[in-house]
Amino acid sequence: MSPSGNKPQRKITLALLLGVFLCTSLVAYLVIRDTVRETIENQAVAFAEIAAVQATTARSVYAREVAEKLRRDGYGPNVDYTHMPGYVPIPAQFLKMLGQASTANTSSLFQYKPVSKWNLESSQGLSDEFLRWAWPQIERQDSTAPSGPIAWKPVWRFEQQDGQRVLRYLSADAASQPSCVNCHNAYESSPEIISRRKTDHIQTGKQWQQHQLMGAISITIPLSKVEAMAAARVQKTSVLIFCILFASLVSAIWFSRRLIRQEINLNEVERELLRSEKETRDAKELLLAKQDVERAFNELSAYLQAIDQHAIVSVTTPDGRIIQVNRKFCEVSGYSEAELIGQSHSIVNSGIHPPEFFREMWECISRGDIWTGEVCNRTKSGELYWVDSSIVPLKDTDGRITRYISIRLDITARKHTEQRMTHLANHDALTGLPNRYLLQDRFHAVLARCTRHRAATAVMFIDLDEFKPINDTLGHKVGDLLLVEVAKRLRAGVREVDTVSRHGGDEFIILLAEISNTQDAQSLAEKLLDALNQPYPIMGQALHISASIGIATFPEDGDSMEALLKHSDLAMYYAKQSGGNSCQLYRADMHK
């Protein structure tokens with residue numbers, strides 16, 4: 001065939017190659033772009049779900065541990081807390097403040113706020129088209145008389161906002177605490193709220209039950225940063241594929257020209273071309289697979305980095321093997337990343353929780369449900385620390401669990417504060433002895449045990465003789481030191497199972513856990529009188545003091561705490577009337 005005869009065939013070949021080149025480049029670009037977009041959307045929804053769980057967990061902890069504690073102390077949450085010393089924001093206001101702080105601390109990586117059709121603040125109402133669209137869908141899931149927590153399904157969609165694409169996500173925030181229900185029901189009965197409801201054409205007198213829909217968490221996640229990074233990667237990938245295809249095109253043209261010039265066998269050229277195209281296709285698929293893996297890892301790392309500053313994060317396989325931890329985990333636990341990877345979380349098990357605790361946790365997450373709870377762990381050095389933990393199962397498109405993400409907040413300081421507050425609430429501030437509240441609890445326990453076993457117990461009512469002159473002449477500081485020493489001698493003179501309590505002033509009460517007979521109590525009282533009579537070296541002086549003791553026994557002298565205290569007090573009065581420094585057993589004729 002002459003060169004002039006090959007020109008039409010060469011043009012057709014070139015046109016076909018050029019068309020294949022352009023179509024392949026366009027299809028590759030669209031596939032990569034759509035895959036990246038779908039991955040971004042899925043990860044954004046998963047992150048929104050985590051953020052919603054953290055928000056509702058924080059609000060629940062605040063309502064249960066902080067607001068409820070203050071309410072019991074006589075203060076509590078109030079809408080106008082800024083003008084009321086001792087009061088704190090209501091949970092919805094706290095959640096709003098937490099959302100604003102999270103937005104600022106994460107450089108607007110995501111935003112959330114509490115919203116409700118029944119808002120108590122105008123900024124938390126259904127203020128835009130998405131909220132007005134999504135709220136009815138959440139509201140239709142509500143129940144008029146729920147018997148337990150409702151399995152809420154969140155509502156979301158992607159939309160344009162201020163020129164950029166965002167994820168709008170709305171998750172139900174039900175009335176989880178009875179205190180929340182009571183508070184909001186009270187607000188709905190106030191004249192101000194009734195007036196506002198009428199102005200907004202909303203039903204007045206709304207009353208909630210526990211677990212009903214009271215509000216929702218609105219989360220907005222801008223996708224511009226991630227999409228910009230993804231666009232750059234798509235562009236780089238497209239350029240690389242373009243270069244590969246262009247090189248293939250040049251190679252094909254070169255082979256075609258060589259065929260014309262050297263009259264190479266047409267079949268051999270076709271085989272070379274097919275082999276070259278196959279190699280190009282294999283290289284493209286390998287490159288895309290590698291980039292998908294890298295992109296997924298980078299996106300997950302970006303999300304984890306957003307909460308890395310204040311949360312302990314780990315990722316495990318379905319069998320509980322740790323495959324990723326953040327820096328906070330290492331800092332709090334004392335283990336390095338290398339020591340944690342490949343282990344299970346039993347490496348930080350404190351041994352405080354029973355096996356049933358972890359069995360219930362695994363049953364929950366194995367069903368695909370999110371588990372939340374407080375866990376006590378142990379550091380590498382042996383110290384205990386507490387975390388408020390949330391474990392989120394991640395599933396593939398077939399519904400199989402592929403990973404567990406654990407997000408924990410260090411609440412050790414709060415736990416220590418609670419322990420100190422519990423001790424202060426149940427012990428005398430001066431002597432450290434149990435106060436009347438703790439004595440009351442132990443009283444009921446001892447009486448119940450003695451009733452079951454038909455055993456006896458006794459109560460001693462102790463009043464110091466002539467304590468007031470010492471306190472008045474030498475000062476309250478000396479008086480306080482004397483009371484501390486008296487408490488030490490009383491505690492040293494009884495058994496470990498007995499309770500020594502300061503009743504107030506210079507009065508003490510001893511609850512004997514169990515005695516054989518009344519003579520045992522009287523013998524112990526005489527030993528205590530002898531111990532209290534010994535000199536007290538205080539601030540360079542040797543002080544002397546005695547005591548009067550009244551004894552009442554169970555069940556002979558009474559079958560209740562009130563009766564035993566009353567009768568032992570009366571017996572003490574007789575001991576003091578007889579000159580003090582003595583003990584008296586209660587007798588029925590003392591009432592005369």
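**Reading a buried serine and an open sheet**

Tutor: At 17% relative accessibility, Ser582 counts as buried, because the cut-off for that word is under 20%; please keep in mind that this is a predicted model.

Student: Where does Ser582 lie, and which residues is Ser582 in contact with, leaving aside its neighbours within four places in sequence?

Tutor: Ser582 lies in strand S18, which covers residues 582–585, and, with those sequence neighbours left aside, Ser582 is in contact with Leu529, Ala547, Ser548, Ile549 and Ala575.

Student: How are strands held together in a sheet, and what is the order of the strands in the open sheet of five?

Tutor: In general, strands of a sheet pair through backbone hydrogen bonds, either parallel or antiparallel. Here the pairing is antiparallel, and the order is S8-S7-S11-S10-S9. Strand S8 (322–325) and strand S9 (371–378) stand at the edges, each with a single partner strand, so one side of each has no neighbour in the sheet. From one strand to the next, the twist averages 30°.

Student: What packs on the sheet?

Tutor: Helix H10, residues 355–366, packs there and touches S9, strand S10 (384–395) and S11, while the direction of H10 makes about 140° with that of S9.

Student: How many bridges join S7 to S11, and how many join S7 to S8?

Tutor: Strand S7 (residues 312–316) is joined to strand S11 (residues 401–410) by five bridges, with Ile312 standing opposite Arg408 in S11. Three bridges join S7 to S8, and Ser314 stands opposite Val325 in S8. The hairpin of S7 and S8 has five residues between the strands, and in this hairpin Gly320 takes a positive phi near 90°.

How values were computed
Residues are numbered from 1 along each chain as its sequence is written. This is a predicted model: local features need pLDDT of at least 70, side-chain atom pairs count only at pLDDT 80 or more; totals for chains, interfaces and linings use all residues. Side-chain values use heavy atoms; hydrogens and water are left out. Two strands pair if DSSP finds at least two bridges between them. Helices (H or I, at least four residues) and strands (E, at least two) are DSSP runs, numbered from the N terminus. Axes are lines fitted to C-alpha atoms, for helices over the stretch in contact, and angles run from 0 to 180 degrees between N-to-C directions. Contact means heavy atoms within 4.5 Å. Buried means under 20% relative accessible area, exposed over 50%, partly exposed in between (1.4 Å probe, protein chains only).
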